[in-house]
Amino acid sequence: MIQSLLIANRGEIACRIIRTARHLGIRTVAVYSDADAKALHVREADEAIHIGPSEAAQSYLVGEKIIAAAKETKAEALHPGYGFLSENADFAQSVIDAGLIWVGPKPDSIRAMGLKDAAKTLMDEAGVPTTPGYLGENQDADFLAEQAGKIGYPVLIKAVAGGGGKGMRKVEAAGDFADALVSCRREATASFGNDVVLIEKWIESPRHIEVQVFGDSHGNVVHLFERDCSLQRRHQKVIEEAPAPGMDEATREAVCAAAVRAAKAVDYEGAGTIEFIADASDGLRADRIWFMEMNTRLQVEHPVTEEITGQDLVEWQLRVASGEVLPCKQEELSIDGWAMEARLYAEDPATGFLPSTGKLEQFYLPKYHGRIETGVEQGEEISGFYDPMIAKIVVHASNREDAAQELSTACSSVYVWPVRTNAGFLSRAAAHPDFEVGEIETGFIDKHSEDLIPNQRIDDATLRKAAYALMINSADPGQTEDLQTMRGSWVFEKPWGGVIGFRLNAESRSTVDLDVDDQRRTVELDFGEHFNGASIVRHGSAVLVSNEWGDMALVSPARADGIGAGAASDGAILSPMPGKIIAVSIAAGDTVEKGDKLVTLEAMKMEHSLTAPFDGVVAELNAEEGGQVSEGAVLVRIEAGE
């Protein structure tokens, strides 16, 4: 067995690997950038070594620095985790050439499956069904557009070196193809250094089914059944589960057997995932499930497979890398119950899922609801340098219905502030009637966006109750002895603009709204700190209120001159986070219409388009392509037209 291990990654996956290594008695070495100097994975490892600046391109993506760190710390083996250099065949070879043990598949296997076009050709030869499309060498834009027309719209443009939803664009019509191709190639170049693409037929009612496979150096390959990863946003997985709903035994046997053939075709060793796309318009059928790609690494969603099989896949990786045979034979593996995983992202669904950065002043995860995988703790900073996923919430139950209910409850119990998260969104998704009965596909989130993303996070009634509690807790000690005598008028700011005001009558336990936004209503209130699923926590001079879904808002006394003012936009387009300007679509003096793309910002490894809030003229432009901007910087100012 390996005795010492360097983990060439960060965050929750580094912490996850450290946990298993510690159980096996393996010494661990962490690497860290400037931004991660005080990170949890650094504190949990037996040793840690600095490898460079915060930017991944100067630290976690520099193979020479990581190998040098392994040698300096006398690590015997290197585990790449997922992302970063985990599927870089040249890096894997460099690790082996340096005399280290690579905890992953052989470099040749990575190369064989690393490019989607070559992998599909290989799968065709191995008898694994693949999706219709074009995957040739001709990359001329006009030729690709012609091929897309022959395939038939809608089509999907995919970077051949892509992954994680990057370098992918769905194109609905021929007129949209050119712009989508440019954007796809630009993102692929930035993420993978390769702008070659393939074109695939867009599958209607698509389900994303994947099979966990494992091989060893003794010629053994097994599968650990399937996962369903259909709940996605921008091709990024949001909720994963195992097994797949609606999967009968005959279809499961056919798909898993195809996955094993795929792994054997590249002489695979270690953990891998064969990803399939299914046309579920008539249920899951073996003749409508096609190979998409292989991920030659451990997957983010591996915990759901661990939960239903009772196996530790990181331990399997370390044992296989040590030259051992697989811990189990195929006939020794079985499915027990149902597992689900939700990815908790530092992002704000109410603003189009823009990433959120800052200090985790409040950070509570429901550890009594199943399994939590995270790489951060309260008080740490969420930066804009890395992927915005901050935790995974994993539940296991005897059946799918109970698992969905448990996941919804767990996500609603998340408490994070002031960094925004998608916790409420996840809770609503897991509790949605269609999800509960397994009616899912990759377009589920777009289809149900109005149900999953409310117009405002907290309704006025909940805000009013929180403000009431704030008023009571802010009173002088002498006043709080007899709450029945408390009366007064209060005004509080709404977090998303405008104000809410009311006049308190504690004796009747009711309030009468002030004339704010031309509304006047009487609302009954209860004493205490919990109101019908809503809870409050003191936060300085304000209160942090959470509703039954886990959505949060900060309620604080308003400025006197803000009463009734509302939140009129002045046309300023602010940078929502630190990032790099990768495209400027307008010039000063241009006339724009509401919704027109103005600036494209790259942050947290994703592109974000900023658009015009109304019709008008570009009166101010402070964005230059290639420039770095800070959060809150005014990039564009639009003046309304006459």
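The structure is a predicted model. The protein chain has 18 helices and 39 strands. Of its 642 residues, 55% are buried. Among contacts between residues at least 6 apart in sequence, 64% join residues at least 24 apart.

**Helix 1**

- Helix 1 runs over residues 11-23, and its end C-alpha atoms are 19 Å apart.
- Helix 1 is mostly covered, with 10 of its 13 residues buried.
- The buried residues include Gly11, Ile13, Ala14, Cys15, Ile17, Ile18 and Ala21.
- Glu12, Arg16 and Thr20 of helix 1 are also among the buried residues.

- Lys392 belongs to strand 22, which covers residues 389-397.
- Lys392 has a relative accessibility of 0% and therefore counts as buried, the cut-off being under 20%.
- The Lys392 side chain makes a polar contact at 3.3 Å with the side chain of Glu12, and Glu12 is one of the buried residues of helix 1.
- Neighbours within four places in sequence left aside, the contacts of Lys392 include Glu12, Glu341 and Glu373.
- Tyr82, Val300, His302, Pro303, Ala342, Arg371 and Ile372 are also in contact with Lys392.

- Two packed helices are described by the angle between their axes and the distance between the axes.
- Helix 4 (residues 89-97) and helix 5 (residues 107-114) have axes that come within 8 Å and cross at roughly 180°.
- The crossing angle makes helix 4 roughly antiparallel to helix 5, since angles over 145 degrees fall in that class.
- On the helix 4 side the contact is made by Ala89, Asp90, Ala92, Gln93 and Ile96, and on the helix 5 side by Pro107, Ile110 and Arg111.
- Sorted by class, the contact of helix 4 with helix 5 has 5 nonpolar, 1 polar and 2 charged residues.
- The axes of helix 5 and helix 6 (residues 116-125) are 6 Å apart, at an angle of about 95°.
- Helix 5 is therefore roughly perpendicular to helix 6, a class that takes angles from 65 to 115 degrees.
- Ala112, Met113 and Gly114 of helix 5 meet Lys116, Ala118, Ala119, Leu122 and Met123 of helix 6.
- The contact of helix 5 with helix 6 has 6 nonpolar, 1 polar and 1 charged residues.

- Asp140 sits in the loop between strand 6 (133-134) and helix 7 (141-151).
- The side chain of Asp140 reaches the backbone nitrogen of Phe143 at 3.1 Å.
- Asp140 has a relative accessible area of 42% and so counts as partly exposed, as that class lies between 20% and 50%.

**Cis peptide bonds**

- The peptide bond from Tyr153 to Pro154 is cis, and its omega is near 0°.
- Pro154 is in the loop between helix 7 and strand 7 (155-163).
- Ala242 and Pro243 are also joined by a cis peptide bond, with omega about -5°.
- Pro243 is placed in the loop between strand 12 (236-242) and helix 9 (249-265).

**Positive phi in residues other than glycine**

- Lys74 has a positive phi, near 60°.
- Lys74 occupies the loop between helix 3 (63-72) and strand 4 (77-79).
- The relative accessible area of Lys74 is 67%, so Lys74 is exposed, the cut-off being over 50%.
- Phe225 has a positive phi too, near 70°.
- Phe225 lies in strand 11, residues 221-233.
- Phe225 counts as buried because its relative accessibility is 10%, which is under the 20% cut-off.

Methods: Residues are numbered from 1 along each chain as its sequence is written. This is a predicted model: local features need pLDDT of at least 70, side-chain atom pairs count only at pLDDT 80 or more; totals for chains, interfaces and linings use all residues. Side-chain values use heavy atoms; hydrogens and water are left out. Helices (H or I, at least four residues) and strands (E, at least two) are DSSP runs, numbered from the N terminus. The expected span of a helix is 1.5 Å times one less than its number of residues. Buried means under 20% relative accessible area, exposed over 50%, partly exposed in between (1.4 Å probe, protein chains only). Axes are lines fitted to C-alpha atoms, for helices over the stretch in contact, and angles run from 0 to 180 degrees between N-to-C directions. Angles under 35 degrees count as roughly parallel, over 145 as roughly antiparallel, 65 to 115 as roughly perpendicular and the rest as oblique. Contact means heavy atoms within 4.5 Å. Ala, Val, Leu, Ile, Met, Phe, Trp, Tyr, Cys and Pro count as nonpolar, Asp, Glu, Lys and Arg as charged, and the others, Gly among them, as polar. A polar contact is a pair of N or O atoms within 3.5 Å; within protein, one must be able to donate a hydrogen and the other to accept it, and residues adjacent in sequence count only if both atoms are side-chain atoms.
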